[in-house]
Amino acid sequence: VKHRGLCNLVNSCQKKFSINSESRVLQFASISFDVAISDIILALTNGAALYLANTECTHLGESLATFIVENAITHIHLTPSTLATLPSGKYPDLKCIIVGGEPFSITLVERWANRRYFFNSYGATETSVTVALAEFKTNSKQVLIGKPINNTQIYVLDANNKIVPNGVIGEMCVVGASVAAGYWNQQKLTSEKFIDN
């Protein structure tokens, strides 16, 4: 993954997530999951406070909710299944919820999007964390992966690498600043997954 991809991620998400020096970002994901890099770099490049999840709040549910409330967390990036474990209640400081990594239903949006930013963050293994974002409101009707972030294009292609019409199934291909350089010391895999544009 190139540094420019991470810079592009920061430039694309800072304003959308309304992250600034007053923000308090939860770093919940395992350090081996790319979302951790997103949390860390977005917090530190914007002067926000970064709160590392302790072992108690990795039990999810009530303990995670307590951590969020007690530390006045403003931004969380969780899988939908993790978010679903949080009890309903007041999270007075929580301003922005980002989910990703797995499918979810619109009922999750209805439960959490009221008076908050709510985003679906979609990425691919061969990219810098996020390549598409969708913002949801409580009246949103369906879950989408969203539109490409800055300096990134997404195409849906058929087996011959031709763009398919709307509604036709194909393979999602990403072009631009978000794309990684390839697989380290794995030329065969790089050749399979990266094609000329």
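F33 counts as partly exposed, at 35% relative accessibility. The scale behind that word is simple: buried means under 20% relative accessible area, exposed over 50%, and partly exposed in between, with a 1.4 Å probe and protein chains only. F33 sits in the loop between strand 1 (24–27) and helix 2. Helices (H or I, at least four residues) and strands (E, at least two) are DSSP runs, numbered from the N terminus. V129 is 96 residues away in sequence, yet the two C-alpha atoms are 9.2 Å apart in space.

A word on the source. This is a predicted model, in which local features need pLDDT of at least 70 and side-chain atom pairs count only at pLDDT 80 or more, while totals for chains, interfaces and linings use all residues. Residues are numbered from 1 along each chain as its sequence is written, and side-chain values use heavy atoms, with hydrogens and water left out.

Now step back to the whole protein. It has 6 helices and 9 strands. Its radius of gyration is 18 Å, close to the 16 Å that the globule rule gives for 197 residues, so the protein is as compact as a globular protein of that length. The radius is taken over C-alpha atoms, and the rule is 2.2 Å times the number of residues to the power 0.38. Along the principal axes, the C-alpha atoms fill a box of roughly 50 × 35 × 30 Å.

How much of the protein is buried? Buried residues make up 43% of the 197. The accessible surface comes to about 11200 Å², and carbon and sulfur atoms hold 52% of it. These areas come from the Shrake-Rupley method with a 1.4 Å probe; for residues, only the protein chains shown count as cover. Contacts tell about the fold too. A contact means heavy atoms within 4.5 Å. Of the contacts with a separation of 6 or more, 47% join residues 24 or more positions apart.

V109 gives a view of the inside. It lies in helix 5 (residues 106–112). At 0% relative accessibility, V109 counts as buried. Leaving out residues up to four places away in sequence, V109 touches F104, F118, F136 and K137. N120 is 11 residues from V109 in sequence and 9.7 Å from it in space, C-alpha to C-alpha.

Two loop residues show the outside. R115 lies in the loop between helix 5 and strand 5. R115 is exposed, with a relative accessible area of 76%. Its phi is near 60°, a positive value in a residue other than glycine. N185 lies in the loop between strand 9 and helix 6. N185 is exposed as well, at 70%. Its phi is positive too, about 55°, although N185 is not a glycine.

Next come the empty spaces. Rolling a probe the size of a water molecule over the atoms shows where empty space is left. On a 1 Å grid over the protein atoms alone, a cavity is a set of points where a 1.4 Å probe fits but cannot get out; a pocket is an open set with protein on both sides within 12 Å along at least five of seven lines; lining residues have an atom within 4 Å of a point. Grid points are joined across faces, edges and corners, and a volume is the space filled by probe spheres set on the points.

The largest pocket has a volume of about 670 Å³. Its lining holds 24 residues, and M172, C173, V174, K193 and I195 lie nearest its centre. Which strand gives the most to this lining? Strand 9 does, with 6 residues. By class, the lining has 13 nonpolar, 4 polar and 7 charged residues. Here Ala, Val, Leu, Ile, Met, Phe, Trp, Tyr, Cys and Pro count as nonpolar, Asp, Glu, Lys and Arg as charged, and the others, Gly among them, as polar.

The second largest pocket holds about 250 Å³ of space. It is lined by 18 residues, with G100, G101, S121, Y122 and G123 nearest its centre. Strand 5 supplies the largest share of this lining, 3 residues.

One cavity of 30 Å³ or more turns up in the whole structure. About 70 Å³ of space lies in this largest cavity. Its lining is F17, I19, V25, S38, D39, L42, H75, I76, H77 and I98. Helix 2 (34–45) and strand 3 (75–78) are the elements that give two or more residues to it.
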